[in-house]
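Below is a short note for a colleague who has not seen this model before. The points are numbered and can be read next to the structure.

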Amino acid sequence: MARQVLDTGTRIQRLLALLQWVAQHPDGVLVTDVCQRYDMRPEEVTREVELAIMIGGDTLDYSEMPVEGYFDGPRLHVHLNGLDAPMRLTPAEGLAVLAAAGALVGPEPDRSSPLWRALVKLGSVLGIDPAEVVDVDLEPDGGAVGRSITEAIEAGRRMRLRYWSYGRDAVQDREVDPWALFNAEGQWYLTGRAVEVDQARNFRLDRIQKLEVLDEAALPTPSDVPRSFAIADNSSRVVLDLPAEARWVTEAFPVVAAEVNDDGRLVVTLVATETSWLERLLLQVGPDAKVIAPRPPAGEPDVLVAAARRVLDRYRSESDGISE
Amino acid sequence: MSSTKTARLLLLINVLQSTSRPLTAEEIRQVVGGYAEGRESFQRAFERDKDALRTMGVPLDMSDVPGLAEPRVGYRILDRDLALADPDLDHDEREALHLAAAAVNAGEHGRLALMKLGAGVSGSDRAVEIPADAGVAMVFAAVIERRRLRFSYNRVDRTVLPYRMQFSRGRWYLIGFDEGRGEIRNYRIGRIEGSITTGDEPAAFDPPEEPVAGVTMSPWSLHEDPEPVEAEVWFDPAVRVAVRADLRGDGIVVRDDDDGLVVRLPVTYHEGFRSWILSYLDRAEVLGPPGLRAQMVDWLTKVANRG
């Protein structure tokens with residue numbers, strides 16, 4: 001994991017937690033344990049502790065300096081004359097830990113589990129019933145499909161997927177060398193190498209209809225696996241003229257540019273990778289949507305009209321008496 | 001990040017915590033040291049430090065310094081404000097929180113919370129994340145302290161009693177009583193326009209007597225309608241898995257075989273239902289009731305005849 005540059009506030013809170021924890025151990029603590037517990041390197045621990053024992057050195061008498069500490073071989077010893085009150089959780093911190101715990105206990109928690117007990121204790125400190133106040137709807141490992149994929153990734157095996165491509169509206173069997181799972185907007189995706197085309201592709205887990213781990217080994221995973229969507233610069237652009245009520249489009253689709261006209265209508269530029277995807281958007285907005293670019297060849301219906309006719313055919317082919 | 005600033009803030013915390021009476025800004029300047037010369041630059045630096053402490057969850061108590069001829073405001077940190085009431089977690093409970101935070105990547109805030117709770121932290125490379133920005137944290141603070149919230153949403157100014165929060169499909173929602181509308185409403189927190197104001201009064205309302213329903217993510221039931229219609233829909237077998245994922249257990253499966261998946265489900269929001277069905281293009285068909293089917297045909301016909 002890449003280490004972030006800590007801001008001062010984070011650094012202070014981490015240092016206080018570390019000092020208070022070590023101070024609870026009269027015989028000191030192994031530096032390697034400190035490193036593991038706070039996800040730090042040994043030289044970071046040394047630097048932070050040296051900073052702490054100097055606090056007040058310029059202005060206070062020695063007896064008033066809040067932090068005493070020293071390294072004794074592999075061990076760190078700390079004694080606190082001040083800075084010993086545990087810090088309270090900020091709302092953001094309280095929420096982060098409640099949400100994480102809430103995601104894992106699920107809708108029907110085992111009330112004897114340590115996680116549930118921790119959640120109840122935290123709730124009572126914050127003065128709330130966590131189950132009534134925060135509800136987290138998230139499958140932390142991608143469910144059964146996610147777990148199978150994780151196993152295949154760890155074993156370095158190729159997989160065969162029966163996959164419904166939403167963009168092209170087609171079902172295909174695909175062989176994939178799986179690289180990683182990622183979650184975006186609450187949906188799980190597999191990123192990997194599509195063997196037939198030898199290119200990186202994303203697959204949404206809830207569109208995988210069948211999954212088979214093959215005996216064949218996957219090619220090695222590249223070192224820089226992308227774990228999010230990037231809009232490719234060379235994808236084709238579509239410009240749409242939409243009614244004001246279609247504002248949701250700007251949030252639900254990868255919009256490159258959006259302008260509001262004087263009459264309230266929206267002119268939206270989108271990256272369109274596949275036709276089916278554009279058809280859905282347009283049908284959902286309805287008769288008031290217009291495609292500005294690209295224009296269809298002369299004499300041919302635009303994407304919206306063609307899609308509506310195709311879907312209508314399904315209704316008309318039924319002999320249930322529905323007429324135009 | 002600067003070691004000088006870190007050391008100064010730590011000393012400031014220590015001095016304000018151990019003092020027996022509030023200290024004036026001038027006293028703080030002398031004891032803490034390290035501030036720039038000049039009255040104005042000192043005041044700017046001191047303001048920044050106060051903000052930094054507040055962000056860390058260290059509130060400053062401000063009160064008049066006693067015994068002065070001319071009243072002056074003084075600062076200190078009270079233990080009762082600073083200390084987290086100890087949740088008294090057992091070892092296995094701390095460990096469980098640690099694992100939970102690693103499994104969902106609770107972010108920097110989650111890591112700090114674990115440290116403060118005495119649990120270890122470790123790097124998490126899990127891609128799933130529960131993001132929480134300043135607005136979300138503010139709403140949460142109002143939920144736990146039961147303070148009124150004021151914000152603009154869909155271009156309407158609202159006053160809301162915040163009851164609960166929900167994280168679904170990667171987004172945070174607030175569920176609360178909209179005082180202007182006189183009913184319980186849902187708000188996507190990321191869609192709140194401009195700033196959020198929190199009421200001054202804590203415990204400003206009683207928790208709801210009945211449990212409050214969560215936000216539904218199902219487009220066909222996004223709005224309450226007094227009379228739900230039971231729709232029957234056919235889906236191509238190709239999209240069976242995706243449809244079942246959308247349904248999330250809602251609806252009744254009538255049939256699921258090589259000819260397709262047929263489900264019945266209660267529709268309370270016709271526009272959402274139509275949008276959802278159209279997302280399957282010609283791999284979905286509304287079979288009934290006739291009224292709902294006719295609405296769909298009507299919509300498609302209008303679109304088809306436009307060209």
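1. L174(B) stands opposite Y187(B) in β6(B). The strands concerned are β5 (residues 171-178) and β6 (residues 183-188) of chain B, which pair in the antiparallel sense over six bridges. Two strands count as paired if DSSP finds at least two bridges between them. Helices (H or I, at least four residues) and strands (E, at least two) are DSSP runs numbered from the N terminus. The hairpin of β5(B) and β6(B) has four residues between the strands, and G182(B) takes a positive phi near 70° there.

2. On the source: this is a predicted model, in which local features need pLDDT of at least 70, side-chain atom pairs count only at pLDDT 80 or more, and totals for chains, interfaces and linings use all residues. Residues are numbered from 1 along each chain as its sequence is written, while chains are lettered from A and ligands numbered from 1 in the order in which they are written.

3. Chain B has ten helices and eleven strands. Along the principal axes, the C-alpha atoms of chain B fill a box of roughly 85 × 45 × 45 Å. Of its 307 residues, 36% count as buried. A residue is buried if 20 or more other C-beta atoms, placed from the backbone, lie within 10 Å of its own, exposed if 12 or fewer, and partly exposed in between.

4. What does each chain bring to the contact between them? Chain B gives 94 residues and chain A gives 98 residues, two residues being in contact if their C-beta atoms, placed from the backbone, lie within 7 Å. On the side of chain B, helix α1 (residues 3-18) supplies the largest share, eleven residues. By class, that side has 54 nonpolar, 24 polar and 16 charged residues. Here Ala, Val, Leu, Ile, Met, Phe, Trp, Tyr, Cys and Pro count as nonpolar, Asp, Glu, Lys and Arg as charged, and the others, Gly among them, as polar.

5. Strand pairing also links the two chains: β4 (residues 134-137) of chain A and β4 (residues 156-168) of chain B run parallel and are joined by four bridges. One of the partners in β4(B) is Q166(B), which faces D135(A).

6. The largest nonpolar core has 92 residues, and those touching the most other members are V97(A), A99(A), A100(A), A101(A), L97(B), I130(B) and V139(B). Such a core is a set of buried Ala, Val, Leu, Ile, Met, Phe, Trp, Tyr and Cys residues joined through C-beta atoms within 7 Å. Helix α4 (residues 91-105) of chain A gives the most to this core, eleven residues. Setting aside neighbours within four places in sequence, L97(B) is in contact with V97(A), A101(A), A118(A), L114(B), L117(B) and A119(B). A second, separate core of 62 residues includes F203(A), L205(A), L304(A) and Y280(B).

7. In chain A, five strands form an open antiparallel sheet in the order β8-β7-β6-β5-β9. Its edge strands are β8 (199-204) and β9 (208-217), each pairing on one side only. Within the sheet, β5 (residues 157-165) and β6 (residues 170-184) of chain A share seven bridges, and W164(A) stands opposite V171(A). The loop between these strands holds D169(A), which has a positive phi of about 50° although it is not a glycine. D169(A) counts as buried because it has 20 C-beta neighbours inside 10 Å.

8. Is helix α9 (residues 275-285) of chain A enclosed or open? Nine of its eleven residues are buried, so α9(A) is largely enclosed by the rest of the structure. Among the buried residues are W277(A), E279(A) and R280(A). Just after α9(A), G286(A) takes a positive phi of about 100°.

9. Two cis peptide bonds deserve a look. The bond from A293(A) to P294(A) has omega near -5°, and P294(A) sits in the loop between β13 (290-293) and α10 (303-317) of chain A. The bond from G288(B) to P289(B) has omega near 0°.
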